[in-house]
Amino acid sequence: MRALDLLAGTDAILCEDTRRTGKLLAIYGIRRPMISYHEHNAPRVRPGLVRRLKAGASLALVSDPGYKLVRASLAAGVPVRPVPGASAPIAALSVSGLPTDRFLFAGFLPARGPARRKALGRLATLESTLVLFETARRLPATLSDMAELLGPREAAIARELTKQFEEVRRGTLEHLAAHYAGAQAPKGEIVIVVAPPEEAPAASWDEVRIDAALGEALAHMGTKEAAARLSTETGLSRRALYRRAITLKDALKEE
């Protein structure tokens, strides 16, 4: 009901497919302007949306891609709220301003320190956003362990989402650990969202090693797939790898 009330009163509704969203809105008699916002037009449309928000407009986003708009809005000082929040982990992720394309919900970490640090060690290398539950009492110790074992990552602490005393605090793990170490224990349900690790440096990937890896990949898969896989592995430009893969494939044909 809260979602329907918000959609009926917002200035405009951002959606990936206006036809599909229009059908859903029609069922509930909601007639509000719709703005097409999707992967292909987002970079062009996003600045104008942020300007409207800063001017006081109320906009509802009903589908992906969302996290870049959330980040841009937060950077502009515009509040972002999840609705209706049927799932606390997803609600927290949606307003964290952290990547949503790949994430892992890890539940509660072990309560005891040694076991908790061991669990964090296993999570440290995962190339995905981490979403976890934690109790108010253990939050300072958990954040301290995270800052030590996961490094200087961005994170968000979401508390009591969609309720009267909703709060989302963002910052680096070190900053958040310092804040909660000296603050009164927060009340309510708490979700921790942690950014994935930074991409591994690509300096060690010289031309010889890149060509060898591409050649091996091309023996088993197509050009685009090989470039995409190596880009994920190295952090190098997918477009540049694709061009190099084409060159290598042509050279192999000539041989």
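Student: Which residue in β8 is the bridge partner of L132?

Tutor: In general, the strands of a sheet pair through backbone hydrogen bonds, either parallel or antiparallel. Here the bridge partner of L132 in β8 is I192, and five bridges join β5 to strand β8 (residues 190-194), the two running antiparallel. Two strands count as paired if DSSP finds at least two bridges between them, while the strands themselves (E, at least two residues) and the helices (H or I, at least four residues) are DSSP runs numbered from the N terminus. This is a predicted model, in which local features need pLDDT of at least 70 and side-chain atom pairs count only at pLDDT 80 or more, whereas totals for chains, interfaces and linings use all residues. Residues are numbered from 1 along each chain as its sequence is written, and side-chain values use heavy atoms, with hydrogens and water left out.

Student: How many bridges join strand β4 to β5, and in which direction do these strands run?

Tutor: Strand β4 (residues 103-108) is joined to β5 by five bridges, and this pair runs parallel; within it, F105 has V131 of β5 as its bridge partner. With helix α6 (residues 113-123) between them in the naming, β4 and β5 make a right-handed β-α-β unit, where right-handed means that, with the strands pointing away from the viewer, the path from the first strand over the helix to the second runs clockwise.

Student: In what order do the five strands of the open sheet come, and which stand at the edges?

Tutor: The order is β4-β5-β8-β6-β7, with mixed pairing. β4 and β7 (167-172) stand at the edges with a single partner strand each, so one side of each is left without a neighbour in the sheet. From one strand to the next the twist averages 15°, taken between axes that are lines fitted to C-alpha atoms (for helices over the stretch in contact), with angles running from 0 to 180 degrees between N-to-C directions.

Student: Is V194 buried or exposed?

Tutor: Buried means under 20% relative accessible area, exposed over 50%, and partly exposed in between (1.4 Å probe, protein chains only). V194, which is found in strand β8, has 0% relative accessibility and therefore counts as buried. Strand β5 (residues 129-134) is mostly covered, five of its six residues being buried.

Student: How many salt bridges are there, and which residue forms one with D145?

Tutor: A salt bridge is a side-chain nitrogen of Lys or Arg within 4 Å of a carboxyl oxygen of Asp or Glu, and by this rule the count comes to eleven. D145 forms one with R117, their closest N and O atoms being 3.5 Å apart. Since D145 lies in helix α7 (residues 139-150) and R117 in helix α6, the pair ties together parts that are 28 residues apart in sequence. D145 is buried, at 6% relative accessible area, whereas R117, at 35%, counts as partly exposed. E134 and R138 also meet in a salt bridge (3.1 Å, N to O), and both of these residues are buried.

Student: Which residues form a salt bridge at 2.7 Å?

Tutor: They are D211 and R244, with that separation between the closest N and O atoms. The pair links distant parts of the chain, D211 being in helix α9 (residues 207-218) and R244 in helix α11 (residues 238-254), 33 residues apart. R244 is partly exposed, with a relative accessible area of 33%.
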